[in-house]
Amino acid sequence: MRILFIYPKMQLYVGFSNMAPTAALNLASFMQREGHAVRIYERNIDKKSVLHALDAFKPDVIVCTLMFARQIRDMQAVCREVRALRPDLPVLCGGLMASHFPELILKEGLADYVGVGEGEYTLLELLEVVSGQREASTVQSLVYLDRDGEPVHTPLRPFADLGDFPETDFSLLPMDKYFAYYPESPRTLMVYASKGCPCQCTFCFNASYNRCQYRTRRRKTVLREIETLVRDYGADGFFFLDELWGCDKKELRAYCDELVALSEKLGKPIRWVCETHIGMMDFEDLERMARAGCFMIPFGVESGSPEILARIKRDTPLTGSKPTQTTARPLASTRCLSPFLAFRTRRRRRSNRRYTLSSG
Ligand code: B12
Ligand code: SF4
């Protein structure tokens with residue numbers, strides 16, 4: 001089938017640069033490997049109308065990725081246009097935001113089906129539904145409206161092995177439009193090595209979206225992607241999108257060693273940023289990461305108060321020496337940033353601040 005992926009406008013705040021829609025890009029790469037023709041109509045970059053996208057590609061189906069609430073307005077506009085121009089085209093939707101509010105999308109008439117969570121196998125099966133070869137009720141992780149307009153939720157599917165997914169095909173997007181600027185690496189692009197996190201912080205999407213499962217991609221695939229982005233697209237830095245980079249210590253060490261080797265092979269430094277859990281890293285890890293090119297680690301501290309941390313289930317035991325701004329600083333200028341202090345109560349504010357300052 002011919003699949004037109006639509007990524008609605010992000011309406012980013014001033015200061016955010018455009019970033020590649022990794023979710024749509026990975027899904028499109030997978031569907032391409034499965035033999036479908038794909039194109040991504042990226043509304044943050046492509047200023048042409050949807051009519052142009054429909055005429056140029058002549059899709060059989062529309063797949064819309066909705067990651068954030070701020071994309072809904074644009075999705076409404078673009079879906080209305082698609083419905084008016086090509087009422088015959090099925091519209092399928094997925095992504096983080098759609099996964100959390102599928103009924104809203106369906107009742108607004110924005111899509112015919114909503115896939116919940118990771119889309120690769122759900123979308124593959126959904127294509128059989130829209131081509132009349134399969135009943136929607138047999139597709140896991142799907143939400144749709146029955147004849148009476150009542151939502152039907154099928155059971156969630158088990159997680160796939162990320163090793164079965166193909167290498168990302170970056171040629172599907174104009175990657176040079178997505179460089180993020182850091183003084184250490186002015187041409188930074190995004191990659192990911194794993195999905196999910198074993199922790200269950202109450203405020204985080206991880207428990208519902210990833211069901212607290214941590215899964216890794218094949219290291220070789222990720223490193224090949226990094227090599228392609230440096231060699232063919234001129235990237236000099238990477239932001240790992242993983243929820244919890246380095247959760248598997250063996251992988252952490254292997255990545256660091258292989259990034260050093262890759263940087264020697266390419267003859268240029270590879271700088272990178274990752275996000276992780278403050279309780280997981282010890283000095284040795286940080287040193288290794290800094291040597292391998294890591295220059296920034298935005299940690300979420302949330303609160304310094306043990307009581308609040310317990311209440312939000314953010315009290316995973318801290319091991320090793322606590323890495324903080326102070327301990328990380330001497331490591332080849334690695335920055336440990338963003339002590340996100342999201343949880344404060346008026347009564348506890350003073351003790352919270354005291355704990356936070358003493359632990360940071
Ligand atoms: C990259 C990223 C960004 C980038 C987005 C760039 C872009 N163009 O997409 C930037 C920096 C702009 C960003 C901004 C924000 N972000 Co952000 N971001 C992420 C991050 C790190 C990665 C998302 C990603 O691409 N994952 C990789 C892809 C491959 O995984 P995936 O999403 O599961 O992909 C699958 C599904 O999307 C599905 N799918 C997609 N389309 C379809 C279609 C169909 C039909 C089907 C079946 C399936 C399907 O299939 C995909 C492939 O498997 C996540 C955390 C994370 N690690 O996921 C946070 C995250 C999504 N962000 C978050 C937040 C809060 C924000 C901000 C609101 C922060 C802020 N306060 O400003 C802003 C919002 C910006 C806006 N305008 O609305 C939260 C959302 C929380 C929630 N409950 O929804 C997250 C989860 C981080 C967190 N732990 O809190 N973010
Ligand atoms: S450690 Fe981070 S990614 Fe994991 S559940 Fe907590 S906030 Fe979410």
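A residue counts as near a molecule or strand when its C-beta atom, placed from the backbone, lies within 6 Å of it. With that in hand, ligand 2 is surrounded by Cys 197, Cys 199, Gln 200, Cys 201, Cys 204, Asn 206, Glu 243, Leu 244, His 277 and Gly 300.

Before I go on, the ground rules. This is a predicted model, where local features need pLDDT of at least 70, side-chain atom pairs count only at pLDDT 80 or more, and totals for chains, interfaces and linings use all residues. Residues are numbered from 1 along each chain as its sequence is written, while chains are lettered from A and ligands numbered from 1 in the order in which they are written.

Back to ligand 2. Its shell has five nonpolar, four polar and one charged residues. For these classes, Ala, Val, Leu, Ile, Met, Phe, Trp, Tyr, Cys and Pro count as nonpolar, Asp, Glu, Lys and Arg as charged, and the others, Gly among them, as polar.

Now ligand 1. Which residues are the closest to it? They are Ala 23, Phe 68, Gly 94, Gly 115 and Gly 119, out of 32 that surround ligand 1. Two or more residues of this shell come from each of helix H1 (22-33), strand S3 (61-65), strand S4 (91-94) and helix H6 (120-130). Helices here are DSSP runs of H or I with at least four residues, and strands are runs of E with at least two, numbered from the N terminus. H1 gives the most, five residues. By class, the shell around ligand 1 divides into 19 nonpolar, nine polar and four charged. Ligand 1 lies between domain 1 (2-153) and domain 2 (179-359), because both give residues to its shell; the bounds come from an automatic or database domain assignment.

Next, helix packing. Axes are lines fitted to C-alpha atoms, for helices over the stretch in contact, with angles from 0 to 180 degrees between N-to-C directions. Under 35 degrees counts as roughly parallel, over 145 as roughly antiparallel, 65 to 115 as roughly perpendicular, and the rest as oblique.

The axes of H2 (residues 50-57) and H3 (residues 72-85) come within 10 Å and cross at roughly 50°, which means that H2 is oblique to H3. Val 50, Leu 51 and Leu 54 of H2 meet Val 78, Glu 81, Val 82 and Leu 85 of H3, contact being C-beta atoms, placed from the backbone, within 7 Å. Six of these residues are nonpolar, none polar and one charged.

Last, H9 and H10 (residues 283-291): their axes come within 9 Å and cross at roughly 25°, so H9 is roughly parallel to H10. Here the crossing is left-handed. Leu 252, Arg 253, Cys 256 and Val 260 of H9 face Asp 285, Arg 288, Met 289 and Arg 291 of H10 in the contact, with four nonpolar, no polar and four charged residues.

Technical notes: Two residues are in contact if their C-beta atoms, placed from the backbone, lie within 7 Å. A crossing is left-handed if the near helix is turned anticlockwise from the far one by less than a right angle, and right-handed if clockwise.
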